[in-house]
Amino acid sequence: MTPHDDHSQQRQPLFIPVVITTVLLTIIGMVGGYLLAEKRAGNAPEPRPEAEPTISLLPAGQLCLERTQKMGRQFGADGELRQVLRVRTKKRTVVWICQDESGELFYHANKGGADAEWVENKTALFLDKVSHDGAGTFSATTPTDRTTFTVNSERLVIAHTDGRVEEQDVVPE
């Protein structure tokens, strides 16, 4: 007797596993087709590229001084600079925080104010890359000696890298 002639061995039923596999593959194909059709129709949200940070403009007033406009152009300001903050200290230093049309902030100060002698890097100082804390305080750091100037409507604080700190109270004008 040969194994082909022996029908005494039990055969495994194939019908049920084949039907289950066919049903699962059909469902997977239908879901994939549906999602592809939705994407092509524009109904599915497409992945968004990472958003660039938005620069919000602060409330700005009048134009900054012409000499500040000139320095701003030298430092890459976008358009006109407008005053965001202007304060005078007890030591007669006047500080302007100005904003360009794209929201970048600039610091300009002069000992004695706008009408006093004005010599950049001697009596006057112009800084770019000013940060704002969202509560009215602005900070800028000199690129040469890393001195930090922090100003708000109450005081000007100058923090030197050797640890010295100068504070100048703001006076009403």
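**Figure 1. Secondary structure of the predicted model.** The protein has two helices and nine strands. Helices (H or I, at least four residues) and strands (E, at least two) are DSSP runs, numbered from the N terminus. Read from that end, the order is α-α-β-β-β-β-β-β-β-β-β. This is a predicted model: local features need pLDDT of at least 70, side-chain atom pairs count only at pLDDT 80 or more, and totals for chains, interfaces and linings use all residues. Residues are numbered from 1 along each chain as its sequence is written, and side-chain values use heavy atoms, without hydrogens and water.

Figure 2. Of its 173 residues, 29% count as buried. Buried means under 20% relative accessible area, exposed over 50%, partly exposed in between (1.4 Å probe, protein chains only). A contact means heavy atoms within 4.5 Å. Among contacts with a separation of 6 or more, 31% come from residues 24 or more positions apart. Accessible areas come from the Shrake-Rupley method with a 1.4 Å probe; for residues, only the protein chains shown count as cover.

**Figure 3. A nonpolar surface patch that includes Ile27.** The patch is formed by Phe15, Ile16, Val19, Ile20, Val23, Leu24, Ile27, Val31, Tyr34 and Leu35. Together they have about 1,000 Å² of accessible area. Patch residues have over 30% relative accessible area and no salt bridge; like charges are joined within 9 Å, nonpolar side chains (Val, Leu, Ile, Met, Phe, Trp, Tyr) within 5 Å. A salt bridge is a side-chain nitrogen of Lys or Arg within 4 Å of a carboxyl oxygen of Asp or Glu. Ile27 sits in helix 1 (residues 15-41). Its relative accessibility is 46%, so Ile27 counts as partly exposed.

**Figure 4. The tilted pair of Trp96 and Trp118.** Rings of Phe, Tyr and Trp (its six-membered ring) pair if their centres lie within 6.5 Å; planes under 30 degrees apart count as stacked, over 60 as edge-to-face and the rest as tilted. The count by this rule is four aromatic pairs. Trp96 and Trp118 form a tilted one, 5.6 Å centre to centre with 45° between the planes. The pair links distant parts of the chain, 22 residues apart. Trp96 is in strand 2 (residues 93-99); Trp118 is in the loop between strand 3 (105-111) and strand 4 (124-127). Both Trp96 and Trp118 are buried.

**Figure 5. The stacked pair of Phe106 and Phe126.** These rings lie 5.7 Å centre to centre, with 25° between the planes. Phe106 belongs to strand 3 and Phe126 to strand 4, so the pair ties together parts 20 residues apart in sequence. Both Phe106 and Phe126 are buried. Ring pairs link Phe75, Phe106 and Phe126 into a cluster.
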